[in-house]
Amino acid sequence: MAWDEWEQLKAQAGQGQSPNIQLNHVDPGGGGSYTLPSETGDLKVGHKDLEKIGGSAHHLYDQLWDKARVATPSSDSAAGDLSKQGFVLGAGLQHVSNRWEEQLKSLMDACAQISNHMQTTKAVHANDENYIQRQMSSIDALDDGFDERVGAPGEKNSVYGDKSKKKE
């Protein structure tokens, strides 16, 4: 919006006129939609899901290590041979080989990071689950202790015995 147009709209608003301003928005007919989380449920990821993602990333890393790296030494050798023979193509091939190696390392680093992150996430979630389970089981034990000592509502607690039968 140009500055002059903004000043004009401000002047119209000051005079009580309704400026016709429309904010940019997504067309409700063709665009995406938003649903409330209560309508769709919570996002749940289980340990098996994390293992699959981490395993796939690790497998891809291994495949890249075994198969994609193989091209680099032979390309470098070919580029050196072509350059020695006076072909300009040798420098171009060396450039392509260098870029391939950079991109390959970047992709392998990303795969390793995903794999490591999934393993860490799995361990953290397992620790959280164990902690929650321990906390809940200690609450259950505490509740059991209270349940053993309390009688039915409105009645005397049988643990303390009957006053008439107390020892003197």
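I looked up serine 97 and found it in helix H5; helices are DSSP runs of H or I with at least four residues, strands are runs of E with at least two, and both are numbered from the N terminus. The model is a predicted one, in which local features need pLDDT of at least 70, side-chain atom pairs count only at pLDDT 80 or more, and totals for chains, interfaces and linings use all residues. I note that residues are numbered from 1 along each chain as its sequence is written, and that side-chain values use heavy atoms, with hydrogens and water left out.

Serine 97 has a relative accessible area of 4% and is therefore buried. The classes are buried under 20%, exposed over 50% and partly exposed in between, with a 1.4 Å probe and protein chains only. Leaving aside neighbours within four places in sequence, I recorded contacts of serine 97 with Thr72, Ser75 and Asp76, a contact being heavy atoms within 4.5 Å.

I then followed serine 75, which lies in helix H4, residues 71–84. Serine 75 counts as partly exposed because its relative accessible area is 21%. Beyond its neighbours within four places in sequence, serine 75 touches Leu93 and Ser97. The C-alpha atoms of serine 75 and leucine 93 are separated by 7.0 Å, although the two residues are 18 apart along the chain.

**Nonpolar core**

I looked up the largest nonpolar core and listed 5 residues: Leu64, Ala68, Leu104, Met108 and Cys111. Such a core is a set of buried Ala, Val, Leu, Ile, Met, Phe, Trp, Tyr and Cys residues joined through side-chain atoms within 4.5 Å. Helix H3 (47–68) and H5 each supply at least two residues of this core, and H5 gives the largest share, 3 residues. For methionine 108, I found contacts with Tyr61, Leu64 and Trp65, leaving aside neighbours within four places in sequence.

**Salt bridges**

I found 2 salt bridges in the structure; the criterion is a side-chain nitrogen of Lys or Arg within 4 Å of a carboxyl oxygen of Asp or Glu. In one, arginine 99 and glutamate 102 meet at 3.1 Å, N to O. These two are 3 residues apart in helix H5, so about one helical turn separates them. Arginine 99 is partly exposed at 40%, as is glutamate 102 at 44%.

Glutamate 101 and lysine 105 form a salt bridge at 3.4 Å, N to O. Their spacing in helix H5 is 4 residues, which means about one helical turn. Glutamate 101 is partly exposed at 27% relative accessibility, and lysine 105 is partly exposed at 49%.

**Surface patch**

I noted a nonpolar surface patch of Tyr131, Ile132, Met136 and Ile139, with about 400 Å² of accessible area together. Patches take residues with over 30% relative accessible area and no salt bridge, joining like charges within 9 Å and nonpolar side chains (Val, Leu, Ile, Met, Phe, Trp, Tyr) within 5 Å. Isoleucine 132 sits in helix H5, residues 89–149, and is partly exposed at 46% relative accessibility.

**Whole protein**

I counted 5 helices and 0 strands. Buried residues make up 10% of the 168 residues. The protein exposes about 14400 Å², of which carbon and sulfur atoms supply 55%; accessible areas come from the Shrake-Rupley method with a 1.4 Å probe, and for residues only the protein chains shown count as cover. Among contacts between residues at least 6 apart in sequence, 56% join residues at least 24 apart.
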